[in-house]
Amino acid sequence: MNASMSPNLALNEEVARLRAEGRSVVHLGFGESRLPAFAPLVEQLRAGAHRNAYGPVAGAPDALASLAGYFERRGLPTGPHEVLLGPGSKPLLMALNLVLPGDVLLPRPSWNSYEPQARMAGKRVYGVPIPAECGGIPDPDALPETIERARRTGGDPRIVVLTLPDNPTGTLATAALVERVCRIAEAEDLVVVSDEIYRDVMHRPDAPFLSPAEVAPDRTVVTTGLSKSLALGGWRVGGLRVPPGARGRDLRDRLVAVASDLWSTLSGPMQQVAAYAFGDPPEIRQRLAASARLHGAVARAVHAAAVAAGATCRPPTGAFYVYPDFEPRRAALARRGIDGSAALARHLLDERGLAVLAGHHLGDDPGALRFKAATSMLYGDTDEEQEAALAAPDPLALPHVADALVRVAEGFAELGD
(Lines give C-alpha, C1' and ligand atoms only; values in the text may rest on other atoms or scores of the structure.)
Protein backbone atom coordinates (compact mmCIF):
# COMPACT_ATOMS: atom_id res chain seq x y z
CA MET A 1 0.00 0.00 0.00
CA ASN A 2 1.29 3.46 -0.92
CA ALA A 3 0.70 5.74 2.05
CA SER A 4 1.59 9.31 2.83
CA MET A 5 0.75 11.68 5.64
CA SER A 6 -2.69 13.26 5.55
CA PRO A 7 -2.22 16.52 3.60
CA ASN A 8 -3.91 18.75 6.18
CA LEU A 9 -1.67 17.39 8.95
CA ALA A 10 1.38 17.72 6.71
CA LEU A 11 0.48 21.34 5.99
CA ASN A 12 -0.06 22.01 9.69
CA GLU A 13 3.44 20.74 10.41
CA GLU A 14 4.89 22.84 7.58
CA VAL A 15 3.26 25.96 9.00
CA ALA A 16 4.68 25.18 12.45
CA ARG A 17 8.15 24.81 10.91
CA LEU A 18 7.87 28.07 8.97
CA ARG A 19 6.75 29.94 12.07
CA ALA A 20 9.62 28.45 14.06
CA GLU A 21 11.93 29.85 11.37
CA GLY A 22 10.45 33.31 11.89
CA ARG A 23 7.99 33.42 8.97
CA SER A 24 4.67 35.17 9.51
CA VAL A 25 1.98 32.78 8.28
CA VAL A 26 -1.79 33.17 8.44
CA HIS A 27 -2.95 29.59 8.85
CA LEU A 28 -6.13 28.72 6.93
CA GLY A 29 -5.16 25.16 6.11
CA PHE A 30 -6.21 23.09 9.11
CA GLY A 31 -9.75 22.37 10.27
CA GLU A 32 -9.28 23.01 13.95
CA SER A 33 -11.67 25.03 16.07
CA ARG A 34 -9.04 27.33 17.52
CA LEU A 35 -10.61 28.02 20.91
CA PRO A 36 -9.46 27.23 24.47
CA ALA A 37 -10.83 24.20 26.28
CA PHE A 38 -14.02 25.21 28.09
CA ALA A 39 -13.42 25.32 31.86
CA PRO A 40 -16.28 22.93 32.81
CA LEU A 41 -14.87 20.39 30.37
CA VAL A 42 -11.45 20.68 31.99
CA GLU A 43 -13.11 20.08 35.37
CA GLN A 44 -14.70 16.91 34.04
CA LEU A 45 -11.35 15.77 32.66
CA ARG A 46 -9.80 16.18 36.09
CA ALA A 47 -12.70 14.41 37.73
CA GLY A 48 -12.27 11.48 35.35
CA ALA A 49 -8.56 11.04 35.99
CA HIS A 50 -9.31 8.22 38.46
CA ARG A 51 -10.91 6.18 35.65
CA ASN A 52 -7.64 4.46 34.84
CA ALA A 53 -8.90 0.92 34.23
CA TYR A 54 -9.89 -0.54 30.90
CA GLY A 55 -13.56 0.11 30.32
CA PRO A 56 -16.16 -1.53 28.08
CA VAL A 57 -15.12 -1.50 24.43
CA ALA A 58 -18.28 0.26 23.20
CA GLY A 59 -18.20 2.81 26.01
CA ALA A 60 -19.06 3.19 29.67
CA PRO A 61 -22.79 3.00 30.54
CA ASP A 62 -23.02 6.65 31.61
CA ALA A 63 -21.31 7.86 28.42
CA LEU A 64 -23.43 5.64 26.16
CA ALA A 65 -26.65 6.84 27.82
CA SER A 66 -25.52 10.43 27.34
CA LEU A 67 -24.67 9.89 23.67
CA ALA A 68 -28.01 8.18 23.07
CA GLY A 69 -29.76 11.17 24.63
CA TYR A 70 -27.75 13.52 22.43
CA PHE A 71 -29.13 11.86 19.30
CA GLU A 72 -32.62 11.62 20.81
CA ARG A 73 -32.75 15.38 21.38
CA ARG A 74 -31.83 15.87 17.73
CA GLY A 75 -34.79 13.92 16.47
CA LEU A 76 -33.25 10.44 16.26
CA PRO A 77 -34.79 7.99 18.78
CA THR A 78 -31.78 6.09 20.12
CA GLY A 79 -30.99 3.61 22.88
CA PRO A 80 -27.60 3.07 24.56
CA HIS A 81 -27.31 -0.26 22.70
CA GLU A 82 -27.38 1.64 19.37
CA VAL A 83 -24.32 3.84 19.96
CA LEU A 84 -20.63 3.44 20.62
CA LEU A 85 -17.73 5.71 21.44
CA GLY A 86 -14.22 5.89 20.06
CA PRO A 87 -11.08 8.04 20.17
CA GLY A 88 -12.42 10.57 17.66
CA SER A 89 -14.79 10.07 14.75
CA LYS A 90 -11.91 9.28 12.38
CA PRO A 91 -11.19 5.79 13.78
CA LEU A 92 -14.93 5.12 13.92
CA LEU A 93 -15.17 5.95 10.22
CA MET A 94 -12.18 3.69 9.53
CA ALA A 95 -13.86 0.87 11.46
CA LEU A 96 -16.92 1.28 9.24
CA ASN A 97 -14.72 0.87 6.18
CA LEU A 98 -13.38 -2.36 7.65
CA VAL A 99 -16.76 -3.94 8.40
CA LEU A 100 -19.09 -2.66 5.67
CA PRO A 101 -18.84 -4.51 2.34
CA GLY A 102 -18.53 -2.84 -1.03
CA ASP A 103 -16.98 0.25 -2.56
CA VAL A 104 -17.50 3.88 -1.58
CA LEU A 105 -19.23 6.82 -3.27
CA LEU A 106 -17.95 10.25 -2.19
CA PRO A 107 -19.01 13.79 -2.95
CA ARG A 108 -16.29 15.60 -4.86
CA PRO A 109 -14.71 17.51 -3.14
CA SER A 110 -14.88 16.03 0.35
CA TRP A 111 -12.83 15.74 3.54
CA ASN A 112 -9.39 14.47 2.70
CA SER A 113 -9.44 11.34 4.90
CA TYR A 114 -12.51 9.63 3.46
CA GLU A 115 -10.77 8.36 0.35
CA PRO A 116 -7.49 7.17 1.92
CA GLN A 117 -9.40 5.30 4.62
CA ALA A 118 -11.53 3.51 2.04
CA ARG A 119 -8.47 2.56 0.01
CA MET A 120 -6.67 1.29 3.13
CA ALA A 121 -9.65 -1.02 3.61
CA GLY A 122 -9.25 -2.34 0.06
CA LYS A 123 -12.20 -0.45 -1.39
CA ARG A 124 -12.53 1.42 -4.64
CA VAL A 125 -13.66 5.02 -4.46
CA TYR A 126 -15.95 6.81 -6.91
CA GLY A 127 -16.20 10.60 -6.78
CA VAL A 128 -19.48 12.30 -7.66
CA PRO A 129 -19.71 16.07 -8.29
CA ILE A 130 -21.56 18.10 -5.68
CA PRO A 131 -24.66 20.17 -6.51
CA ALA A 132 -24.26 23.80 -7.50
CA GLU A 133 -25.88 25.10 -4.32
CA CYS A 134 -23.99 23.14 -1.67
CA GLY A 135 -21.39 20.55 -0.84
CA GLY A 136 -21.38 17.52 1.42
CA ILE A 137 -23.55 15.29 -0.77
CA PRO A 138 -23.20 13.81 -4.25
CA ASP A 139 -25.36 15.55 -6.82
CA PRO A 140 -28.48 13.36 -7.04
CA ASP A 141 -28.62 14.04 -10.78
CA ALA A 142 -25.15 12.50 -11.21
CA LEU A 143 -25.24 9.78 -8.56
CA PRO A 144 -27.22 7.07 -10.44
CA GLU A 145 -25.03 7.35 -13.53
CA THR A 146 -21.89 7.04 -11.39
CA ILE A 147 -23.29 3.92 -9.73
CA GLU A 148 -24.16 2.40 -13.08
CA ARG A 149 -20.74 3.20 -14.54
CA ALA A 150 -18.97 1.77 -11.49
CA ARG A 151 -20.88 -1.50 -11.71
CA ARG A 152 -20.36 -1.70 -15.44
CA THR A 153 -16.60 -1.52 -14.92
CA GLY A 154 -16.47 -4.13 -12.16
CA GLY A 155 -17.05 -1.95 -9.11
CA ASP A 156 -19.40 -2.73 -6.25
CA PRO A 157 -20.57 0.61 -4.77
CA ARG A 158 -22.54 -0.05 -1.59
CA ILE A 159 -21.68 2.92 0.64
CA VAL A 160 -22.36 6.62 0.13
CA VAL A 161 -20.85 9.23 2.46
CA LEU A 162 -22.56 12.53 3.27
CA THR A 163 -21.16 15.39 5.38
CA LEU A 164 -23.76 17.65 7.03
CA PRO A 165 -22.74 20.49 7.28
CA ASP A 166 -19.91 20.12 4.86
CA ASN A 167 -16.16 20.15 5.08
CA PRO A 168 -14.75 21.69 2.80
CA THR A 169 -17.46 24.05 1.48
CA GLY A 170 -19.01 25.17 4.78
CA THR A 171 -22.52 24.62 3.43
CA LEU A 172 -25.51 22.45 4.37
CA ALA A 173 -27.51 20.39 1.91
CA THR A 174 -31.21 21.18 1.82
CA ALA A 175 -33.81 18.71 3.01
CA ALA A 176 -34.95 18.15 -0.59
CA LEU A 177 -31.45 17.16 -1.70
CA VAL A 178 -30.93 14.89 1.32
CA GLU A 179 -34.24 13.17 0.59
CA ARG A 180 -33.33 12.62 -3.06
CA VAL A 181 -29.98 11.05 -2.18
CA CYS A 182 -31.63 8.82 0.42
CA ARG A 183 -34.23 7.62 -2.10
CA ILE A 184 -31.41 6.70 -4.49
CA ALA A 185 -29.65 4.89 -1.62
CA GLU A 186 -32.83 2.90 -0.97
CA ALA A 187 -33.31 2.05 -4.64
CA GLU A 188 -29.67 1.00 -5.05
CA ASP A 189 -29.36 -0.67 -1.62
CA LEU A 190 -26.59 1.62 -0.38
CA VAL A 191 -25.57 2.18 3.24
CA VAL A 192 -25.58 5.90 4.04
CA VAL A 193 -22.77 7.15 6.29
CA SER A 194 -23.81 10.59 7.55
CA ASP A 195 -20.86 12.46 9.07
CA GLU A 196 -22.58 15.03 11.30
CA ILE A 197 -19.59 16.18 13.34
CA TYR A 198 -20.40 19.80 12.39
CA ARG A 199 -24.12 19.57 13.21
CA ASP A 200 -23.71 21.82 16.27
CA VAL A 201 -21.77 24.39 14.23
CA MET A 202 -24.70 25.73 12.23
CA HIS A 203 -24.30 29.50 11.95
CA ARG A 204 -28.03 30.04 12.46
CA PRO A 205 -29.28 28.00 15.41
CA ASP A 206 -32.79 27.90 13.92
CA ALA A 207 -31.62 26.67 10.51
CA PRO A 208 -33.50 23.55 9.36
CA PHE A 209 -31.46 20.35 9.49
CA LEU A 210 -32.55 16.99 8.09
CA SER A 211 -30.45 13.96 8.96
CA PRO A 212 -30.49 11.07 6.49
CA ALA A 213 -31.27 8.91 9.53
CA GLU A 214 -34.71 10.56 9.59
CA VAL A 215 -35.33 9.74 5.91
CA ALA A 216 -33.71 6.30 5.62
CA PRO A 217 -33.39 5.13 9.23
CA ASP A 218 -32.82 1.45 8.43
CA ARG A 219 -29.68 2.09 6.36
CA THR A 220 -28.07 5.21 7.87
CA VAL A 221 -25.08 5.31 10.22
CA VAL A 222 -24.39 8.67 11.89
CA THR A 223 -21.02 9.82 13.24
CA THR A 224 -20.29 12.78 15.47
CA GLY A 225 -17.70 14.01 17.97
CA LEU A 226 -16.56 16.83 20.21
CA SER A 227 -13.52 17.95 18.19
CA LYS A 228 -15.25 20.67 16.16
CA SER A 229 -18.21 21.91 18.16
CA LEU A 230 -16.37 22.13 21.49
CA ALA A 231 -12.81 22.64 20.21
CA LEU A 232 -11.52 19.33 21.63
CA GLY A 233 -9.58 18.00 18.67
CA GLY A 234 -6.68 16.91 20.86
CA TRP A 235 -8.89 15.05 23.31
CA ARG A 236 -10.26 12.62 20.69
CA VAL A 237 -13.89 11.88 21.59
CA GLY A 238 -16.11 10.49 18.83
CA GLY A 239 -19.53 8.85 18.74
CA LEU A 240 -21.44 6.66 16.29
CA ARG A 241 -25.09 5.66 15.97
CA VAL A 242 -26.15 2.52 14.11
CA PRO A 243 -29.58 1.93 12.52
CA PRO A 244 -32.28 0.44 14.73
CA GLY A 245 -33.14 -3.23 14.57
CA ALA A 246 -31.27 -6.42 13.80
CA ARG A 247 -29.19 -4.91 10.99
CA GLY A 248 -27.92 -2.21 13.31
CA ARG A 249 -27.20 -4.64 16.14
CA ASP A 250 -25.13 -6.82 13.82
CA LEU A 251 -23.20 -3.78 12.55
CA ARG A 252 -22.53 -2.58 16.09
CA ASP A 253 -21.25 -6.02 17.12
CA ARG A 254 -18.83 -6.03 14.20
CA LEU A 255 -17.67 -2.49 14.98
CA VAL A 256 -17.07 -3.40 18.61
CA ALA A 257 -15.02 -6.41 17.47
CA VAL A 258 -12.83 -4.14 15.34
CA ALA A 259 -12.54 -1.60 18.14
CA SER A 260 -11.44 -4.29 20.58
CA ASP A 261 -8.34 -4.91 18.49
CA LEU A 262 -7.67 -1.31 17.37
CA TRP A 263 -8.21 0.98 20.35
CA SER A 264 -9.64 -1.27 23.13
CA THR A 265 -11.77 1.49 24.63
CA LEU A 266 -12.13 5.25 24.78
CA SER A 267 -9.85 6.43 27.58
CA GLY A 268 -11.48 6.65 31.01
CA PRO A 269 -11.12 10.41 31.50
CA MET A 270 -12.68 10.98 28.08
CA GLN A 271 -15.60 8.73 29.03
CA GLN A 272 -16.23 11.20 31.84
CA VAL A 273 -16.03 14.13 29.41
CA ALA A 274 -18.34 12.38 26.94
CA ALA A 275 -20.94 11.61 29.60
CA TYR A 276 -21.01 15.30 30.53
CA ALA A 277 -20.71 16.99 27.14
CA PHE A 278 -23.17 14.81 25.20
CA GLY A 279 -25.67 15.48 27.96
CA ASP A 280 -26.14 19.05 26.65
CA PRO A 281 -26.22 20.87 30.02
CA PRO A 282 -27.12 24.59 29.79
CA GLU A 283 -23.53 25.81 29.95
CA ILE A 284 -22.57 23.51 27.06
CA ARG A 285 -25.50 24.73 24.98
CA GLN A 286 -24.45 28.33 25.65
CA ARG A 287 -20.86 27.56 24.66
CA LEU A 288 -22.04 25.90 21.44
CA ALA A 289 -24.20 28.90 20.56
CA ALA A 290 -21.39 31.40 21.20
CA SER A 291 -18.92 29.33 19.18
CA ALA A 292 -21.33 29.03 16.25
CA ARG A 293 -21.85 32.81 16.20
CA LEU A 294 -18.10 33.38 16.07
CA HIS A 295 -17.53 30.74 13.40
CA GLY A 296 -20.28 32.22 11.25
CA ALA A 297 -19.09 35.83 11.55
CA VAL A 298 -15.50 35.08 10.55
CA ALA A 299 -16.45 32.61 7.80
CA ARG A 300 -18.71 35.23 6.23
CA ALA A 301 -15.88 37.78 6.34
CA VAL A 302 -13.47 35.43 4.55
CA HIS A 303 -16.20 34.58 2.03
CA ALA A 304 -16.68 38.30 1.35
CA ALA A 305 -12.93 38.73 0.82
CA ALA A 306 -12.87 35.88 -1.71
CA VAL A 307 -15.83 37.24 -3.66
CA ALA A 308 -14.38 40.76 -3.63
CA ALA A 309 -11.18 39.30 -5.14
CA GLY A 310 -13.15 37.89 -8.07
CA ALA A 311 -13.74 34.31 -6.91
CA THR A 312 -17.03 32.47 -7.00
CA CYS A 313 -17.85 30.91 -3.66
CA ARG A 314 -20.85 29.29 -1.99
CA PRO A 315 -21.95 31.35 1.05
CA PRO A 316 -21.02 29.48 4.24
CA THR A 317 -23.87 28.43 6.53
CA GLY A 318 -22.21 25.86 8.80
CA ALA A 319 -18.85 24.59 10.04
CA PHE A 320 -15.91 26.98 9.55
CA TYR A 321 -14.77 26.75 5.97
CA VAL A 322 -15.06 28.51 2.65
CA TYR A 323 -14.18 26.98 -0.70
CA PRO A 324 -13.47 29.73 -3.25
CA ASP A 325 -13.03 29.12 -6.95
CA PHE A 326 -10.68 31.52 -8.73
CA GLU A 327 -11.62 30.32 -12.20
CA PRO A 328 -12.74 33.88 -13.14
CA ARG A 329 -9.10 34.93 -12.58
CA ARG A 330 -7.53 32.09 -14.57
CA ALA A 331 -5.99 34.33 -17.24
CA ALA A 332 -4.31 36.57 -14.68
CA LEU A 333 -3.06 33.59 -12.70
CA ALA A 334 -1.84 31.77 -15.81
CA ARG A 335 0.50 34.69 -16.53
CA ARG A 336 2.24 33.81 -13.26
CA GLY A 337 2.39 30.12 -14.07
CA ILE A 338 -0.50 29.22 -11.76
CA ASP A 339 -2.54 26.60 -13.58
CA GLY A 340 -4.11 24.47 -10.84
CA SER A 341 -4.83 24.06 -7.17
CA ALA A 342 -1.32 22.95 -6.13
CA ALA A 343 0.36 25.95 -7.75
CA LEU A 344 -2.29 28.30 -6.36
CA ALA A 345 -1.86 27.07 -2.78
CA ARG A 346 1.93 27.18 -3.08
CA HIS A 347 1.82 30.76 -4.40
CA LEU A 348 -0.38 31.91 -1.52
CA LEU A 349 1.96 30.36 1.03
CA ASP A 350 5.26 31.40 -0.50
CA GLU A 351 4.29 34.89 -1.69
CA ARG A 352 1.55 35.99 0.71
CA GLY A 353 2.08 33.90 3.83
CA LEU A 354 -1.40 32.36 3.57
CA ALA A 355 -1.64 28.62 4.17
CA VAL A 356 -4.65 26.99 2.47
CA LEU A 357 -5.43 23.38 1.55
CA ALA A 358 -5.35 22.85 -2.21
CA GLY A 359 -8.51 21.40 -3.71
CA HIS A 360 -6.85 18.38 -5.32
CA HIS A 361 -6.17 17.03 -1.81
CA LEU A 362 -9.95 16.89 -1.39
CA GLY A 363 -10.62 14.89 -4.52
CA ASP A 364 -11.20 17.96 -6.69
CA ASP A 365 -9.90 18.46 -10.24
CA PRO A 366 -6.16 19.25 -9.95
CA GLY A 367 -6.54 21.79 -12.74
CA ALA A 368 -9.23 23.74 -10.91
CA LEU A 369 -8.31 26.93 -9.06
CA ARG A 370 -10.01 25.97 -5.80
CA PHE A 371 -8.87 25.56 -2.21
CA LYS A 372 -10.25 25.19 1.29
CA ALA A 373 -9.77 27.99 3.79
CA ALA A 374 -10.37 27.06 7.44
CA THR A 375 -11.61 30.29 8.96
CA SER A 376 -11.54 29.02 12.55
CA MET A 377 -7.79 29.58 12.74
CA LEU A 378 -8.20 33.38 12.77
CA TYR A 379 -9.36 33.94 16.36
CA GLY A 380 -5.94 34.65 17.83
CA ASP A 381 -2.78 32.88 18.95
CA THR A 382 -3.40 32.94 22.71
CA ASP A 383 -6.19 31.72 24.96
CA GLU A 384 -6.89 35.33 25.92
CA GLU A 385 -7.29 36.47 22.30
CA GLN A 386 -9.50 33.51 21.46
CA GLU A 387 -11.76 33.97 24.47
CA ALA A 388 -12.03 37.67 23.60
CA ALA A 389 -13.15 36.74 20.08
CA LEU A 390 -15.72 34.34 21.49
CA ALA A 391 -17.14 36.92 23.88
CA ALA A 392 -17.08 39.97 21.58
CA PRO A 393 -20.39 41.26 20.19
CA ASP A 394 -18.44 42.02 17.00
CA PRO A 395 -15.34 39.82 16.80
CA LEU A 396 -14.38 41.37 13.46
CA ALA A 397 -13.68 44.65 15.26
CA LEU A 398 -11.01 43.12 17.51
CA PRO A 399 -7.57 44.24 16.31
CA HIS A 400 -6.04 40.76 16.17
CA VAL A 401 -8.97 39.35 14.19
CA ALA A 402 -9.19 42.42 11.94
CA ASP A 403 -5.47 42.30 11.19
CA ALA A 404 -5.66 38.64 10.16
CA LEU A 405 -8.65 39.34 7.93
CA VAL A 406 -6.78 42.20 6.24
CA ARG A 407 -3.93 39.81 5.47
CA VAL A 408 -6.42 37.36 3.98
CA ALA A 409 -8.22 40.00 1.93
CA GLU A 410 -4.96 41.44 0.56
CA GLY A 411 -3.65 37.99 -0.32
CA PHE A 412 -6.83 37.07 -2.16
CA ALA A 413 -7.03 40.44 -3.92
CA GLU A 414 -3.49 40.02 -5.24
CA LEU A 415 -4.63 36.92 -7.13
CA GLY A 416 -6.77 39.06 -9.40
CA ASP A 417 -4.21 41.79 -10.09
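How many helices and strands does the secondary structure of the protein chain come to? I counted 15 helices and 12 strands; helices are DSSP runs of H or I with at least four residues, strands runs of E with at least two, numbered from the N terminus.

I noted the basis: this is a predicted model, where local features need pLDDT of at least 70 and side-chain atom pairs 80 or more, while totals for chains, interfaces and linings use all residues. Residues are numbered from 1 along each chain as its sequence is written, and side-chain values use heavy atoms, without hydrogens and water.

Seven strands form an open, mixed sheet in the order 2-8-7-6-5-3-4; strands pair if DSSP finds at least two bridges between them. Strand 2 (83-86) and strand 4 (125-129) are the edges; each has a single partner strand, so one side of each lacks a neighbour in the sheet.

I then checked strand 3 (residues 103-108). With strand 4 it pairs in the parallel sense, over five bridges. P107 has V128 in strand 4 as its bridge partner.

I turned to the overall dimensions. For 417 residues, a compact globule would have a radius of gyration near 22 Å; the protein chain has 21 Å, so the two agree. That radius is taken over C-alpha atoms, and the globule rule is 2.2 Å times the number of residues to the power 0.38. The C-alpha atoms fill a box of roughly 60 × 55 × 40 Å along the principal axes.

Last, I looked up burial. Buried residues (under 20% relative accessible area, 1.4 Å probe, protein chains only) make up 59% of the 417.

Definitions and conventions:
Buried means under 20% relative accessible area, exposed over 50%, partly exposed in between (1.4 Å probe, protein chains only).
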